[in-house]
Protein chains: 2
Amino acid sequence: MTDETLLAALAKALAHPARIRILRLLQATPGCIGGEIVGAVGLAQSTVSEHLRILKGAGIIHGEIDGPRICYALNPAALVPLTGFLAGLIPTPAGACCLPATEVPA
Amino acid sequence: MTDETLLAALAKALAHPARIRILRLLQATPGCIGGEIVGAVGLAQSTVSEHLRILKGAGIIHGEIDGPRICYALNPAALVPLTGFLAGLIPTPAGACCLPATEVPA
DNA sequence: CGCTTTGATCGTAGATCGACGATAATCATT
DNA sequence: AATGATTATCGTCGATCTACGATCAAAGCG
């Protein structure tokens, strides 16, 4: 897997509104969530499971078995290469260090 | 276009190794380049033109007509929403401000 | 052991993507 | 006007994506 292929694979995993929404849900939820994701994105259970599989395959999320349900959580470290690549493309505006984030973690 | 759709569209525009490569080429090239991109990515001219069209459609690059050729250049501002979203997902490691970039612009 | 709940997997259908060759369009030059 | 160079567009093919219902697998409970 070349570097460009890795970055493209990460981007592809993000390249769907439902997956963006899922990531936002996971970010906004303190603990772990399972089936609530299905109701929140408004798609069929099998479709949501597929989106979760794609995110899992890219390493962006991971799920642990927690009794009968599964505990999904973000794995932000997987996104570091892509974020770094993008940050490298954007010239920081004269002395500024951080990019303007659309949402700041609490 | 919802916010999630915008982020997904930006990610989709990046979701191909050839397009990552093209962005790196544009970043590494001081001025404008046109047909050299075709040789650099190793795909057919029509295929490269299609990738350029996708990047243009997402607003990530723009091309100006410069005589018989076209001058392509990065438009990093278009990537700010996606970069901000990703930066918001990654918890900055205790006081650190900047993310570790995979490549730093010269 | 049966039953329920939860999530993954299968099979399918339509849409989109990615690549190419061929062709058209645009501009500078002759 | 004709030519050559450069880029865009068209048509097509195979591959992949997305979504769904149906079904299967695993874990807890009575």
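Modeller: Helices (H or I, at least four residues) and strands (E, at least two) are DSSP runs, numbered from the N terminus. This is a predicted model, in which local features need pLDDT of at least 70 and side-chain atom pairs count only at pLDDT 80 or more, while totals for chains, interfaces and linings use all residues. Residues are numbered from 1 along each chain as its sequence is written, and chains are lettered from A and ligands numbered from 1 in the order in which they are written.

Start with DNA strand C. A residue is near a strand if its C-beta atom, placed from the backbone, lies within 6 Å of it. DNA strand C is surrounded by 22 residues, and the closest are A:Gly34, A:Gly35, A:Ser46, A:Ser49 and B:Ser46. At least two residues of this surface come from each of α4 and β2 (69–74) of chain A and α4 of chain B. The most come from α4(A), which gives 6 residues. The surface near DNA strand C consists of 8 nonpolar, 10 polar and 4 charged residues. In this count Ala, Val, Leu, Ile, Met, Phe, Trp, Tyr, Cys and Pro are nonpolar, Asp, Glu, Lys and Arg are charged, and the others, Gly among them, are polar.

Now DNA strand D. Around DNA strand D there are 22 residues, with A:Ser46, B:Gly34, B:Gly35, B:Ser46 and B:Arg69 the closest. Two or more residues each are given by α4 (45–57) of chain A and by α4 and β2 (69–74) of chain B. Here α4(B) gives the most, with 6 residues. By class, the surface near DNA strand D has 8 nonpolar, 10 polar and 4 charged residues.

Next, α4(B) itself. Helix α2 (residues 17–28) of chain B and helix α4 (residues 45–57) of chain B have axes that come within 10 Å and cross at roughly 75°. Axes are lines fitted to C-alpha atoms, for helices over the stretch in contact, and angles run from 0 to 180 degrees between N-to-C directions. Angles under 35 degrees count as roughly parallel, over 145 as roughly antiparallel, 65 to 115 as roughly perpendicular and the rest as oblique. The helices α2(B) and α4(B) are therefore roughly perpendicular to each other. On the α2(B) side B:Ala18, B:Arg19 and B:Ile22 meet B:His51, B:Leu52, B:Ile54 and B:Leu55 of α4(B); residues are in contact if their C-beta atoms, placed from the backbone, lie within 7 Å. The residues of this contact are 5 nonpolar, 1 polar and 1 charged.

B:Gly42 sits in the loop between α3 (36–41) and α4 of chain B. Its C-alpha atom is 9.0 Å from that of B:Ala18, although the two are 24 residues apart along the chain. B:Gly42 is exposed, because it has 10 other C-beta atoms within 10 Å. The cut-offs are 20 or more such atoms for buried, 12 or fewer for exposed, and partly exposed in between, with C-beta atoms placed from the backbone.

Last, chain A as a whole. Chain A has 5 helices and 2 strands, in the order α-α-α-α-β-β-α from the N terminus on. Of its 106 residues, 31% are buried. In α2(A), the buried residues are A:Arg19, A:Ile20, A:Arg21, A:Ile22, A:Leu23 and A:Leu26.

Note on methods:
Two residues are in contact if their C-beta atoms, placed from the backbone, lie within 7 Å.
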